[in-house]
Amino acid sequence: MECRKELLERLAELAKIALSEEEKESICKDLERIAGYLRAVGEAAKELEAEPLYYVWDLPGPLREPSESPKVSIEELPTKVKEGYVAVPWRGGSVE
Amino acid sequence: MKAMIGLEIHVQMTEAGSKLFCDCKANYRGMEPNSNICPVCIGLPGALPVVNKRSVELALAASLAFNCHVPDYIVFTRKHYFYPDLPKNYQISMYERAGGVPICRGGKVRYLDIHSWEWKECRLRRINIEEDPGRTIYGEGGILRSSEAYVDYNRSGVPLLEIITEPDLKSAREARQLVEYVLLVLEYLGATNPRLEGAFRVDANVSVEGGERVEVKNIGSTLDVEKAINFEIMRQSAIISSGGKVERETRHWDAERGSTRPLRQKEQEEDYLYFPDPDLPAIALRDMLPKAKAIASSSDPAALFEKAISLGVQRELAWSMVTARPSLMLYLEAVERGADPQLAARIIAVDYKGELREREKDPHDPANWPSADTIVELSRLMKEGAYTYDAIKGIVLPKLAENPAADLKLLLPQRAENLEQVIEEVLKREERAVKDYLSGKAQALNYLVGAVIRAAGKRALDPRAIREAIERRLAKK
Amino acid sequence: MSREAWRVAEEIRAGADPSRHVEEVLERIERWEGAVKAFISLDLPEALRERAERLERKIRKGERVGKLAGLLVSVKDNICTSWLPTTAGSRMLEGYVSPYNATAVERVLQEDAIIVGKTNLDEFAMGSTTELSAFWPTRNPWDLERVPGGSSGGSAASLAYGGADLSLGSDTGGSARLPAAYTATVGLKPTYGLVSRYGLIPYGNSLEQISPMARSVRDVALLLEVIGGWDPKDATALRVERPRLDPSPAEPRALRLCLVKEMVEGAEEPIEKLFWNTIHKLSSEGAQLEELSIPLLSKALPAYYTIAFAEASSNLARYAGIFYPTKGSSGSWEKYVGEARARGFGREVKRRILMGVYALSEGFRDEFYVAATKVRRAIRDEVLKVVKRCVIAAQASPILPPKIGERLDDPLKLYYMDMYTVIANLAGVPALVQPLGFSQGLPIGIQWMAGPLEESKLISLGLLVEELTGIKGAMAE
């Protein structure tokens, strides 16, 4: 099956995964094969008169009354903290 | 040029108690950064959301208040985009397609144009319940150049109503009035306190004849709604009348500069990869309807406004009370307990409110208003002729504004009978001042008034009444 | 040490020394772990000994002692624990310690179990062999050249060599049952919603359950009794009591077994042979058999994978280098996130995320994701119809445990291994896999599926089959 690189690049952009050129090559081919296989559901669904099923029991879910539950301390997490704020790279250059 | 304006109003349900999907607080003001967070609202692996009942009740009440078509079930969807303030990199929101079911589709807001005193209508496209992201602040260079961004997740997960209108609004002023009215309704429902910092944000879609639609983001106050839209209408009109083209784009409102600037061109529709959140089964609304209906019908500012008017209150005064909920509630209660509707309105909406303003006390805080019994009593005293309105206004109201819980008896000026005696004594004692006054020295009268007040001890007195009594007494001489 | 775990717990409750049992298990670990590598992290021997001593003091004082007293439980490393790292088998989370315990872990601890360590898995549970762990492949104790199945391969292997009495696995499309079949252990995928997912790092939320694994049917039942039942922290958890499972074997004459063509045919010859032997034995004891076909089941595998990929792509969006150990190196947000995700995820995970994004994207959503959810409904309805009248007898795996490396190159070949197991996940029904015997020293399992919340049927049938096969509590030596 032919591999459409623009499609893969668009998907990688949406998924925010930086792929190397080599990876692009192989994943692109894999993806075409997998998509080709999964396409069977599109065909099958056309012949069914079924509504989508998102939650297997189709039951209404519960609602929550107020209560207390444990908090998280930001210091416990492996993240960069500056004066209580979580510091994330934004428009900076290389940091390594 | 003719403009078409549609709004997306994001209002935090600051009064919902807890965040939308966890037990952290909905109102995070005054907290240390990142101290109002738990595994759920920062999206740690394995943590699961469970919907806060109060949020849904309030959103349902709002949907009813805005005449929405309300579905039997609501379904939350995941909306995906990567941003530092969005811990899961998807927002749990609602969407009208891809399996999602918003709480409101196709409503309308009747809002009051207080310039023409006409009720106007704006259609709603839908209302979504969603979680607020965290709050990002940028270092030097701002959003465009700062090398790092700093995120406080205290806000992450706070319940939001996203209210999306049809492009029915024709002017910036209408847009502002709509927003003000929507906020008022939500405040009456007990969903939000719109005066809290950051409690609401508005995005405006503005187009003028012959141009594409431009989205203006980041409008944080009702005044800015008007300013930003006016700026945009002018900007777009100028482009078109000079023969240019207005392209479809997203712009950012800079409140400090009072102008909009480009944020990004919308080359292609963004793809948010919507699908129903598999952690959240649909939520049935039926059991909640009676309660939501009760909230919506008992807290409709329009109905309460009409009620005040039907009591004979001038519409300006009635509106003034409506815009400060505790004042309207006080008024209605006082009248129900027998206060004169006119007198009570004048006290509450004009003079007491003026006293609060002078003291920079918040008229939206119920603690700054006296009890309904106090208003009833003041009304009775005036009706019976024991005091003039001016006496109450000049002496009682300022002191009451200082301390709304004060005992009325201690604030009331002494009756005239006692006063005659005191004045007699003072005039006898202060022979020089009397002489000065009679010889035309006007300031001597002030001295005498002061002397009477001192002689009367610490009792509350109406200086104007004393002045008049002295004048009358000395005129006889 | 081929006693069943429930017996060990009873002995300890009756006064046997829990420390002695800890030593027994530590010896097995010492002997096997170097070759098998079932664990990503093991608690320190001293810590386990201390737990045992604490339990012993508790027993001596006559305090209430839990149902799992002194049993050593291994926990799949995608289930959160607050004192041992939880990596989900990914570089992305290497060294990550969750600030909280999963509900299932809490419940196991409350019943006085001792958690021995965290077991290896395919990265984020995406795989069927445990070779796709970012750390190392786990080997099958019955044949060290072969895989233990996946993704709960570490859990299954730890049981098969005696490194644990019980194990918490997870099952999204067969992840607890396939490893059970490959290691002569027992795995039960509960009814969707019977066990809380709170604290299970999600892969395919709408499909998966934390699943009890053990060396005997009765032990699996014991663990399910502890972890099952409603949890307010999981909105998809069913409002049911903790299950009580009667440990008596089924009466063959009261049994009705359905043989669904699509779940019986297509397995390798030794598997087919053993399967039919067992069915015929049951039939000769009086069980009624019914053969039927559900042609739509040929679409179960693509429907399952489409839904799982879509949900996975969303669930894994949160790993962006902010809250988790693997970071990016660029100082620009977009690049940083792209790098962190490129570094942290393995190739299969990337493939699945990209395929999931594809399945959810505008223009493709209907033909992939939505179509799969429609097929899912039709399959669920068909399966529910069948399990109303019988227990489904099915293959567990189409192939014997493959050699390490054998199935790595072709993703479709890998997916094919789940062809019989994904059906229970799509339909939400409980399914049990238990050993039937061996072929050339390699374990072969069988799968039973019953109606929603009919775990007790599976347990009593499983106990009957244990009597027939004589295989119970088997351990590799």
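Modeller: A residue is buried if 20 or more other C-beta atoms lie within 10 Å of its own, and exposed if 12 or fewer do. Please keep in mind throughout that this is a predicted model.

Colleague: Which residues of helix α3 of chain C are called exposed, and on which side of the helix are they?

Modeller: C:Glu46, C:Arg57 and C:Arg60 are the ones to look at, and as exposed residues on the other side of α3(C) they each have 12 or fewer other C-beta atoms within 10 Å. The buried residues of the helix are C:Leu48, C:Arg51, C:Ala52, C:Leu55 and C:Ile59.

Colleague: How do you know that the length of α3(C) is close to what is expected?

Modeller: Helix α3(C) spans residues 45-60, which is 16 residues, and from its first C-alpha to its last it reaches 22 Å, to be set against the 22 Å expected at 1.5 Å a residue. After the helix comes C:Gly62, with a positive phi near 80 degrees.

Colleague: What makes C:Asp77 a buried residue?

Modeller: C:Asp77 has 30 other C-beta atoms within 10 Å, and the cut-off is 20 or more, so C:Asp77 is buried. The residue is placed in the loop between β2 (72-76) and α4 (103-110) of chain C.

Colleague: Which residues is C:Asp77 in contact with, once its neighbours within four places in sequence are left aside?

Modeller: With those neighbours left aside, the contacts of C:Asp77 include C:Ile40, C:Thr86, C:Lys118 and C:Asn120, where contact asks for C-beta atoms within 7 Å. C:Ser155 is 78 residues apart from C:Asp77 in sequence, while their C-alpha atoms are 9.1 Å apart in space.

Colleague: Turning to chains A and B, how do you know that β2(A) and β8 of chain B pair, and in which sense do they run?

Modeller: Pairing requires at least two bridges, and β2(A) has 4 bridges with β8(B), residues 148-152, in the antiparallel sense. One of the residues involved is A:Val86, whose bridge partner in β8(B) is B:Val151. On its other pairing, β8(B) is joined to β7(B) by 4 bridges, again in an antiparallel arrangement, with B:Tyr138 having B:Ala149 as its bridge partner.

Colleague: Why are β1(A) and β7(B) said to stand at the edges?

Modeller: The open sheet has 4 strands in the order β1(A)-β2(A)-β8(B)-β7(B), with antiparallel pairing. β1 (81-82) of chain A and β7 (135-138) of chain B each have a single partner strand, so one side of each is left without a neighbour in the sheet.

Colleague: What does the rest of the contact between chains A and B look like?

Modeller: 30 residues of chain A are in contact with 38 residues of chain B. On the chain A side, the elements that give two or more residues are β2 (85-89) and β3 (91-94), and β2(A) provides the largest share, 5 residues. By class, this side divides into 18 nonpolar, 5 polar and 7 charged residues.

Colleague: And how many residues does each chain give to the contact between chains C and A?

Modeller: That contact takes 53 residues from chain C and 48 residues from chain A. The largest share of the chain C side, 12 residues, comes from α13(C), and the side as a whole has 30 nonpolar, 13 polar and 10 charged residues.

Colleague: Finally, how do you know that β3 of chain B pairs with β4 and β14 of that chain?

Modeller: Against the requirement of at least two bridges, β3(B) has 4 with β4(B), residues 90-93, and 2 with β14(B), residues 275-276, and both pairings are antiparallel. B:Thr77 stands opposite B:Ser93 in β4(B), whereas B:Arg78 stands opposite B:Phe275 in β14(B).

Definitions and conventions:
Residues are numbered from 1 along each chain as its sequence is written. Chains are lettered from A and ligands numbered from 1 in the order in which they are written. This is a predicted model: local features need pLDDT of at least 70, side-chain atom pairs count only at pLDDT 80 or more; totals for chains, interfaces and linings use all residues. Two residues are in contact if their C-beta atoms, placed from the backbone, lie within 7 Å. Ala, Val, Leu, Ile, Met, Phe, Trp, Tyr, Cys and Pro count as nonpolar, Asp, Glu, Lys and Arg as charged, and the others, Gly among them, as polar. The expected span of a helix is 1.5 Å times one less than its number of residues.
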